[in-house]
Amino acid sequence: MLELTMLRERRACRLAGLSRDAFRHPPEQTPATHALSARIIELAQVRRRFGYRRLHDLLRPEYPAVNHKKVYRLYREANLAVRRRRKVRRPPSERQPLSSATAPNAVWSMDFVSDALANGRRLKCLTVADDFT
């Protein structure tokens, strides 16, 4: 913003809602965070099907003070993600028409029927019918 406009640092920081100290000293990761990030990457390479939640469960004994939000942030910063499995596409089989009933008790149909009485009580029935008769 300072390079693009002719604003001074104080004015630019006030407009951006940023303290001047934060502008001059960008955040740096602590050595503990570097170690945690390296451990997350190491575990993610060994356990490819584990997401950040299960990695957090594995890290809990080593890093008890680290919560799932920090693990998620470091997981995403390392561009890690569990690959989505592609759905298996089976070739469609040829459709066959339904067989018509040629004799009694050969083909049956059933369905649930629902209605309400005048007093508001629900009535549900399973209806079974012989298709030939």
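Is aspartate 130 buried or exposed, and what is the relative accessible area of aspartate 130?

## Basis of the report

This is a predicted model, in which local features need pLDDT of at least 70 and side-chain atom pairs count only at pLDDT 80 or more, while totals for chains, interfaces and linings use all residues. Residues are numbered from 1 along each chain as its sequence is written, and side-chain values use heavy atoms, with hydrogens and water left out.

## Aspartate 130

Aspartate 130 is buried, with a relative accessible area of 13%; buried means under 20% with a 1.4 Å probe, protein chains only. The residue belongs to strand S2, a strand being a DSSP run of E of at least two residues, numbered from the N terminus.

Beyond its neighbours within four places in sequence, aspartate 130 is in contact (heavy atoms within 4.5 Å) with Pro104, Asn105, Ala106, Val107 and Trp108. A polar atom of the aspartate 130 side chain lies 3.2 Å from the backbone nitrogen of asparagine 105. The C-alpha atoms of these two residues are 6.2 Å apart, although 25 residues separate them along the chain.

Strands S1 (residues 108–116) and S2 (residues 122–130) run antiparallel and are joined by nine bridges; strands pair if DSSP finds at least two bridges between them. Valine 113 stands opposite cysteine 125 of S2.

The two strands form a hairpin with five residues between them. In the turn, glycine 120 has a positive phi of about 95°.

Conventions:
Helix = DSSP H or I, 4+ residues; strand = E, 2+ residues; numbered from the N terminus. Buried < 20%, exposed > 50% of the residue type's maximum accessible area, 1.4 Å probe, protein only. Polar contact = N/O pair within 3.5 Å; in protein donor to acceptor, adjacent residues only side chain to side chain.
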